[in-house]
Amino acid sequence: MTTKPPFKPHTREATLWAQVDPAALPVHIAIIMDGNGRWARRRHQPRLAGHRAGVRATREIVETCARIGLPVLTLYAFSLDNWKRPPEEVDFLMQLLRQYVRRELDYMRRNNVRLRAIGRWQELPAEVREDVARAIKATAANTGLQVVVALNYSARAELVDAVRRLLEHAQHNGQLEVNEATLAAHLYAADLPDPDLLIRTSGEMRLSNFLLWQLAYTEIWVTETLWPDFTPAHLLEAILDFQRRERRYGGLAPHEEAAARPIPGPSRSSRGAAALRR
Ligand code: FPP
């Protein structure tokens, strides 16, 4: 069986894709979609036009992730801190979100995409919550790309919620065990692996209260490109850069490990110790 190539031949995306090792794709990519407001300002348009253009970019990136076979994509769509924005902008973002989940539902169903949400999204206005819940339910059995939308999300709030749930669980069981595994088991999407790659657009070098626990060993890729201008080619550039990184998780790279390993035998072990001292 031949699988259809994910990009049209002779395009920049096809050229980049040819350099990607499909067997070493990240499992989980997280994106801080930033720069909608600046994109609009540069065009002398209202901020809302930037958000609308941001949705177009989101749609294209989700479709690309599904086509290349990425397992998990987490998108920072609305933070708890975004309530500080003018009410008209917050309302517009809520309407855009509703539109997005309604319009994309058909695409998600046809393409085996599963929608999930993290954050205090149950506290959003009823109509938003209901649309999101409907799409989550309708796609729950899909086994392809999981799109996790961070909605009314804050990483610190997630940790507070995890501790609360851990305590509730302990009260129920009469047993409290606090360690990394039990805390992680009470995060919003505890079954998902941590992101391998975090992409942030618009050049800002901060995490903005996003997945603070889960990003402990994540590779970070920042681009000056504003979110509405972010294309599948940028995504592939980020993946290629990720594939060139050496992930050490606080340990040593394999070649360094081999050099640092003591060699058995009296004269050799002193050579090993000398190598460690260097
Ligand atoms: C940042 O731009 C983006 C957001 C506040 C999130 C909104 C995201 C979208 C509209 C993309 C669509 C997503 C979904 C799932 C519907 P900003 O306003 O902070 O830009 P600025 O920093 O240039 O002002």
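The ligand is surrounded by 18 residues, and the closest are Asn36, Gly37, Arg38, Gly54 and Tyr100. Two or more residues of this shell come from each of helix H2 (36-42), helix H3 (47-68), strand E2 (72-79) and helix H4 (87-110). The model is predicted. The chain has 278 residues, of which 31% are buried, and it contains 10 helices and 6 strands.

**The ligand shell**
- By class, the shell around the ligand holds 9 nonpolar, 7 polar and 2 charged residues.
- Helix H4 is one of the elements that give two or more residues to this shell, and Tyr100, one of the closest residues to the ligand, is among the buried residues of H4.

**The chain as a whole**
- The C-alpha trace spans about 75 × 60 × 45 Å along its principal axes.

**Helix H4**
- The 24 residues of H4 should span 34 Å at 1.5 Å a residue, and the end C-alpha atoms are 35 Å apart, so the two values agree.
- The buried residues in H4 are Leu93, Leu97, Tyr100, Val101, Glu104 and Met108.
- An α-helix has 3.6 residues a turn, so residues three or four places apart point the same way.
- The cover over the buried residues of H4 includes H3, E2, strand E3 (114-118) and helix H5 (126-138).
- After H4 comes asparagine 112, which has a positive phi, near 60°.

**Helix H6**
- Helix H6 covers residues 155-173, which is 19 residues.
- From its first C-alpha to its last, H6 reaches 27 Å, close to the 27 Å expected at 1.5 Å a residue.
- Glycine 174 follows H6 and has a positive phi, near 70°.

**The largest nonpolar core**
- This core has 57 residues, and those touching the most other members are Leu73, Tyr76, Val147, Val149, Ala150 and Leu151.
- Strand E4 (residues 146-153) gives the largest share of the core, 6 residues.
- Not counting residues up to four places away in sequence, valine 149 touches Leu75, Ala77, Leu115 and Ala117.

**Valine 62**
- Valine 62 is part of helix H3.
- Why does valine 62 count as buried? It has 22 C-beta neighbours inside 10 Å, and a residue is buried if 20 or more other C-beta atoms lie within that distance.
- Apart from neighbours within four places in sequence, valine 62 is in contact with Leu73 and Val147. Both of these residues are among those that touch the most other members of the largest nonpolar core.
- Valine 62 and methionine 108 are 46 residues apart in sequence, while their C-alpha atoms are 9.7 Å apart in space. Met108 is one of the buried residues of H4.

**Alanine 238**
- Alanine 238 lies in helix H8, which runs over residues 232-244.
- Alanine 238 is buried because 22 other C-beta atoms lie within 10 Å.
- Leaving aside neighbours within four places in sequence, alanine 238 is in contact with Leu197, Ile199 and Trp221.
- One of these contacts, isoleucine 199, is 39 residues from alanine 238 in sequence, and the two are 7.5 Å apart in space, C-alpha to C-alpha.

Note on methods:
Residues are numbered from 1 along each chain as its sequence is written. This is a predicted model: local features need pLDDT of at least 70, side-chain atom pairs count only at pLDDT 80 or more; totals for chains, interfaces and linings use all residues. Helices (H or I, at least four residues) and strands (E, at least two) are DSSP runs, numbered from the N terminus. A residue is buried if 20 or more other C-beta atoms lie within 10 Å of its own, exposed if 12 or fewer, and partly exposed in between; C-beta atoms are placed from the backbone. Two residues are in contact if their C-beta atoms, placed from the backbone, lie within 7 Å. A residue is near a molecule or strand if its C-beta atom, placed from the backbone, lies within 6 Å of it. Ala, Val, Leu, Ile, Met, Phe, Trp, Tyr, Cys and Pro count as nonpolar, Asp, Glu, Lys and Arg as charged, and the others, Gly among them, as polar. The expected span of a helix is 1.5 Å times one less than its number of residues. A nonpolar core is a set of buried Ala, Val, Leu, Ile, Met, Phe, Trp, Tyr and Cys residues joined through C-beta atoms within 7 Å.
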